[in-house]
Amino acid sequence: MGNGSSIESSKTIFLDINGKEEKIVFSRHCSSRDIHELIATIAAVNRHSTISIKDENGAHISLSPTMPANNQGCPYKVFIKEPNEPQGDSEAFQTVLTQVTEQINRVFKMEELKSELSTRLTTLEKRLEIEGLKVVEIEKCKRDISDIKDQIWNAQKKYTDNSMSDEKKISLKRDVPTYPKYTLSQETVDYVKQPTFDIWHWEPNEMLSLLEHMYHELGLVHEFNMNPITLKRWLLCVQENYRNNPFHNFRHCFCVTQMMYGMIQLCTLWDFVSREDLGILMTAAVCHDLDHPGYNNTYQINARTELAIRYNDISPLENHHCAVAFQIISNPECNIFANVDKDTFKRVRAGITMLILATDMARHAEIMESFKDKFNKGFNFKNKEHLDTLKMVLIKCCDISNEVRPMEVSEPWVDCLLEEYFNQSDREKSEGLPVAPFMDREKVTKPTAQIGFIKFVLIPMFETAANLFPQIDDVMVRPLREAKDRYEEMKSLEDNLKE
């Protein structure tokens with residue numbers, strides 16, 4: 001992306017809205033949503049309307065701060081589709097309850113969910129009526145009740161999907177690619193190569209277009225003779241098989257894949273590994289958390305879930321992510337490796353499986369010790385065993401790399417992760433299962449959650465990688481040390497307030 005000083009502080013775009021020429025000016029620091037709402041205001045339409053813009057040639061333009069500038073003689077045409085009138089809150093809630101009741105009679109384990117949610121709801125309501133809680137506590141209880149009602153709403157969709165076989169589930173993809181081809185500015189093309197890339201400013205369709213661009217730019221479409229339409233379908237199907245969890249969602253998938261792309265660029269990895277290996281690294285990053293349920297391996301094993309039983313308590317989630325990944329690829333319409341020979345596909349499948357299984361943090365010490373041993377004896381890029389270990393370290397780095405990014409990008413991820421942790425610990429308490437201290441909302445804070453993780457996991461891992469690629473030290477290790485110092489200062493302030 002280059003230096004920040006090379007980018008103008010504001011941008012002017014000329015638009016044609018319903019035949020009337022308009023001019024908008026916005027800061028490069030604003031979000032796509034800000035621009036969307038600005039245009040909605042000018043057009044006097046609902047801010048939830050679907051808005052798209054095209055240039056004079058009919059090409060879709062990304063609605064983002066990095067959209068190409070135009071002039072008054074060539075305004076972008078604005079297309080607006082207003083949303084349908086929503087139901088009233090009361091009617092919508094009654095409809096949801098009716099749908100959930102119907103699903104309970106058909107879907108596996110829905111009775112347990114209903115009982116659990118009803119018990120929690122009753123408990124919270126009694127607390128409100130009987131215990132005479134303080135105003136702040138009452139508001140918290142009300143929020144909890146609202147969250148539970150939202151869970152009932154989401155359960156209808158989630159458990160319908162969960163009750164299906166994997167084969168049926170992945171067939172719910174859109175039949176044809178529906179996201180438009182965005183015109184990526186040179187600024188965006190350069191920026192997406194940087195580890196500092198801000199992943200929060202991009203809509204899902206824009207993330208899909210950026211992922212597609214990465215595959216083309218790295219030469220993977222040519223290397224594997226991919227059909228470009230199949231690549232689009234595959235990305236769409238992958239997106240639809242990431243659940244809407246607080247942390248383990250499609251944006252996390254994009255975040256990890258973009259960091260892998262950035263590390264490939266930073267280390268000029270194509271000078272050391274084959275194009276086939278680059279494809280394995282990128283595809284494993286895209287698929288590494290497919291269909292993550294939002295509850296980790298410890299919960300799966302302690303709760304004796306179907307996944308834990310199926311995979312004999314051995315990396316149940318990672319095994320599941322692999323299985324879903326290749327069930328998607330087994331669909332001819334989504335098989336991006338359909339045009340490679342059997343031996344190549346066998347290598348690709350083994351490589352992707354190896355890397356996704358390596359993301360289980362239970363194997364962290366084993367993988368890092370193996371890499372250090374190979375480095376100390378003299379790392380050999382022509383040795384398959386050495387290369388495999390390096391690739392496992394790279395995907396591990398990318399999977400937990402949020403703190404490498406600037407604070408304004410990384411810190412919201414901590415909130416998302418803690419929300420997912422607290423959801424799990426609350427469920428473990430209600431089911432009488434062991435609760436990890438780092439997941440307990442009554443014991444953990446943001447700084448205490450991050451300091452040890454950065455100090456004892458992230459910094460040593462990235463320092464080890466930097467032994468092989470020294471450029472990692474300044475670009476990635478230094479920000480990690482700064483993040484550790486920042487959280488230690490935050491913890492010190494919290495401790496002083498307690499005193």
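At what angle do the axes of α10 and helix α20 cross? The legends below begin with that view. The model is predicted: local features need pLDDT of at least 70, side-chain atom pairs count only at pLDDT 80 or more, and totals for chains, interfaces and linings use all residues. Residues are numbered from 1 along each chain as its sequence is written, and side-chain values use heavy atoms, with hydrogens and water left out.

**View 1. Helix α10 against helix α20.** The axes of α10 and α20 (residues 471-498) cross at roughly 150° and come within 10 Å. Axes are lines fitted to C-alpha atoms, for helices over the stretch in contact, and angles run from 0 to 180 degrees between N-to-C directions. The two helices, α10 and α20, are therefore roughly antiparallel to each other. (Angles under 35 degrees count as roughly parallel, over 145 as roughly antiparallel, 65 to 115 as roughly perpendicular and the rest as oblique.) From α10, M259, M263 and L266 make the contact; from α20, Q471, I472, V475 and M476 do. Contact means heavy atoms within 4.5 Å. These residues divide into six nonpolar, one polar and no charged. (Ala, Val, Leu, Ile, Met, Phe, Trp, Tyr, Cys and Pro count as nonpolar, Asp, Glu, Lys and Arg as charged, and the others, Gly among them, as polar.) Helices (H or I, at least four residues) and strands (E, at least two) are DSSP runs, numbered from the N terminus.

**View 2. H248 in its loop.** H248 lies in the loop between α9 (228-240) and α10 (250-266). An unreviewed UniProt entry lists H248 under "active site". UniProt positions are given in the numbering used here, feature names are shortened, and annotations may be inferred rather than shown by experiment. H248 counts as buried because its relative accessibility is 15%. (Buried means under 20% relative accessible area, exposed over 50%, partly exposed in between, with a 1.4 Å probe and protein chains only.) Not counting residues up to four places away in sequence, H248 touches R243, D289, H292 and E420.

View 3. The loop between α11 (275-287) and α12 (297-302) holds D289. UniProt, in an unreviewed entry, places "binding site" at D289. At 6% relative accessibility, D289 counts as buried. Leaving out residues up to four places away in sequence, D289 touches Y242, H248, H252, H321 and D399.

**View 4. Strand β5 and its partners.** β1 (residues 10-17) pairs with β5 (residues 76-81) in the parallel sense, over two bridges. Two strands pair if DSSP finds at least two bridges between them. L15 stands opposite Y76 in β5. β3 (residues 50-54) pairs with β5 in the antiparallel sense, over five bridges. The bridge partner of T50 in β5 is K81.
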